[in-house]
Structure formats: structure tokens, C-alpha cells
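Colleague: I would like to go through this model with you, one feature at a time. Please show it first.

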Amino acid sequence: MEIPRHVIFGPNAVEKIPDILKAISSRKKNKILVLSGTTITNHIVEEKILPVLDNSRIAVVRYMISEKPITYKTILNLLSVIRENKINLVLGVGGGRIIDAGKLSASLSSINFISIPTNPSNDGIASPAVSYLLRQEMKKAKRKYSLHAPIAVIADTKIISQAPPIAIASGCGDMLAKFVAIRDWQLAYRLKGEDYSEYAASMALMSAKLVLEKVSIIKQGFEEGIRVLVKALIGSGVSMSIAGSSRPASGSEHLFSHALDLLSQKYGFKPAYHGLQTGLGAIMMMWLHGGDWEKIRDALKIVGAATNAYELGIEPKYIIEALTLAHKIRPERYTILGHRGLTRSAAERMAKETGVI
Ligand code: ZN
């Protein structure tokens, strides 16, 4: 089990970076790679993070990632920057894309990674996992890797509160998806004898329930609500570390989202936020499970997340295609979709009955 060793939480948490560096590294001289995007997160690095590192005389190499999405080439570039500069720690400041790039390049270089999320859009903040499309990139490149959870998570709630409402809605969608993911896991346990961890499942469920109860507060975007959401996202990441897989956090609703990601590349449309896609998937997959799908839909509505194809910004025909494709995405991950998946007419009926199309 590998979980983050330090989690710093609260307003101005980034000021604690030097303390964390001291705590995790025996080296006298650290040389750290600070990753960010090119716009908002670059600004956060310059305003809030570099001055803190500067004050403590910590040697820094800066790298801004402009590529969207991250490709294998981005990762190769990062690996050579790490090697050439003898970097011994990576600090990723940003949303899912930057955290993924930092986590993967640090894991491949066998050095530590510190996650500094600037928005709460998904549970990659603390997890030992990266996005589906990045996993596909690595698969295409035939590059083997094993991912490590960040050694520390520094969640500055003052910074994260500035994230756009859609990123907050997305984080809620990724969390509400766990209600389905756990049902799928239990199904695979009963039907296929898959390993099941009661503890990991309880942790993911508890985190999802916390978000469900507090959606109205989270929606307001104040620090109090953001705190709940980020704690839940970290809880979900830790549940994956305990399970040793993404099982507690990702079931049929995530397969649907991955299918949409794949189709977006095939047909050239823009995918929506990960958590918005998984949230919409959770409405439909909970319907399939015969559970209280309306409760998930209503919570998504309150927080401003998509509850239909129109709000998601993806055409209904792609939603249906993704539904019929989802079971093929990861055949070893058994879910309510079974081995054969949904027929087109069943997918259409489900999407209509849940008001998705
Ligand atoms: Zn997710």
C-alpha cells in the first residue's frame, strides 16, 4: 500500500512547501522541477510558489507544459529535463493534465512527486493513476511503467477556491461516480470472485457520501465547500492506493467516459471534463443497476454539472455509441455492462428514460 505521506490542507498551504521538502528528502540540496501550464497555473507559480522556494534558497528548474492533451512526447521531454538537470523531485502545479505529467515522469524517473492541485476537477490529486488517454499514449508507445502515488499533496484551498465553477462541478461528478463504481466492484466480487477490499470500498463510499450531503455548500465555491470536495477527492485517491487498483473509483460510468474520450479522437469533437462525463455516466449506470439514479442526477443538477447530452456539449449519437462501446474499453474490468455490453436500442432507451438524450 502506497499512500501520500504528507497532506497539507488549508489556505496558504503552499507556504509549507519548504517544510515538506525537508521532511521527505534526506538530501541537503534538492533540485526540483516545477511544472505548470502556460497561463493561470504559470501565474500561480510565479506569484505564490517561486517566492516561497526562493526564500528557502531551493534550486528550481521551471517547465511549462503547453500540449493539450499530454502526449508521449511531452513525457519524453520531461524525462530528459529531469535527467539532464539531475532533478530529484517533481512538483506539479495545476489541474489533471499537469498532475498526470508530473506523476508519470517522476514515477518513470524513480523520484518523488508532490501534487499541488489548483482545481478540484478530478481525483488524480492523490491517486496512483493517470488519465485514460495518457494510458493509451503509453500503451501505443509500448512503454511499461508503474505509477506511484504523490509523496505529498499540498492543497491550498485559497488557490483551489479560485477554480472555475465547471471544474468544481466536475470534481463532484467524479465523486458521485463512486456510488456506481462500488456497485460494479461488488458485482465483480460476487460474480467473478474478484478481490474486494471492504476498507477501500468504504473509504470511497464515505467520500462520495460526504460530497452528496454537501453539494449545496460546495456549489457556492467558498472555502468551506471546497475543503469538503478536496478531502473527498484525496480520500478517493487513497482508496485506490489501498485497493492497489482504480477499482473503488472507476466502474462502468468511467468506461463510458473513456469511450467518449476515444470517440472524441476518432471523430474530432471536444471531450468534456472527465468528471462531467463520469457524472453523466453515473446517472445511466445507476439506472442499469436499479439504484437511485435520480438522487445522483439531482445532486449533479444542484452543483451545475451536466445531466444531459446537451449540457455536456456532446451530440446524442456519440453518447449512444459510447454506451455500446463501453464494455470493450477494459474487458478485464467486469461491470454491470457484462461481457456483451448494451445493444443500441437498449442504450437509447436508457438514455431517454434517464433524460440524458
Ligand atoms: Zn475519475
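Colleague: On what basis are the values computed?

Modeller: This is a predicted model, in which local features need pLDDT of at least 70 and side-chain atom pairs count only at pLDDT 80 or more, while totals for chains, interfaces and linings use all residues. Residues are numbered from 1 along each chain as its sequence is written, and side-chain values use heavy atoms, with hydrogens and water left out.

Colleague: In what order do the six strands of the open sheet run?

Modeller: Strands here are DSSP E runs of at least two residues and helices are H or I runs of at least four, numbered from the N terminus. Two strands pair if DSSP finds at least two bridges between them. The pairing in this sheet is parallel, and the order is β1-β6-β5-β4-β2-β3.

Colleague: Which strands stand at the edges?

Modeller: An edge strand has a single partner, so one of its sides is left without a neighbour in the sheet. Neighbouring strands are turned by 15° against each other on average, direction ignored. The edge strands are β1 (6–10) and β3.

Colleague: Which residue of β6 stands opposite G10?

Modeller: β1 and β6 (residues 152–156) pair in the parallel sense over five bridges. Helix α11 (residues 223–243) lies across both strands, at about 165° to β1; axes are lines fitted to C-alpha atoms, for helices over the stretch in contact, with angles from 0 to 180 degrees between N-to-C directions. Opposite G10 stands D156.

Colleague: Where in α2 does the kink lie?

Modeller: α2 (residues 40–55) has 16 residues and spans 23 Å from its first C-alpha to its last, close to the expected 22 Å, which is 1.5 Å times one less than the number of residues. The bend at a residue is the angle between axes fitted to the seven residues ending there and the seven starting there. A kink of about 40° comes shortly before the proline P51, at I49.

Colleague: Which residues of α2 are buried?

Modeller: Buried means under 20% relative accessible area, exposed over 50% and partly exposed in between, with a 1.4 Å probe and protein chains only. The buried residues pack against α1 (17–24), β2 (31–36), β3 (59–64), β4 (89–94), β5 (112–117) and α6 (157–160), where contact means heavy atoms within 4.5 Å. They are T41, N42, I44, V45, I49, V52 and L53.

Colleague: Which residues are the protein donors of the zinc ion?

Modeller: Donors are N, O and S atoms within 2.8 Å of the metal (3.2 Å for Na, K and Ca); water is not among the atoms, so sites may look incomplete. The protein donors lie 2.1 to 2.2 Å from the zinc ion, and they are D174 (OD), H254 (NE2) and H274 (NE2).

Colleague: How many residues apart in sequence are the parts tied together by D174 and H274?

Modeller: D174 counts as buried at 0% relative accessibility, whereas H274 counts as partly exposed at 25%. D174 lies in α7 (residues 165–176) and H274 in α13 (residues 274–289), so the parts they tie together are separated by 100 residues.

Colleague: What is the phi of R57, and is R57 buried or exposed?

Modeller: R57 is found in the loop between α2 and β3. Although R57 is not a glycine, its phi is positive, about 50°. At 71% relative accessibility, R57 counts as exposed.

Colleague: What is the omega of the cis peptide bond between K68 and P69?

Modeller: P69 is found in the loop between β3 and α3 (72–84). The cis bond joins K68 and P69, with omega about -10°.
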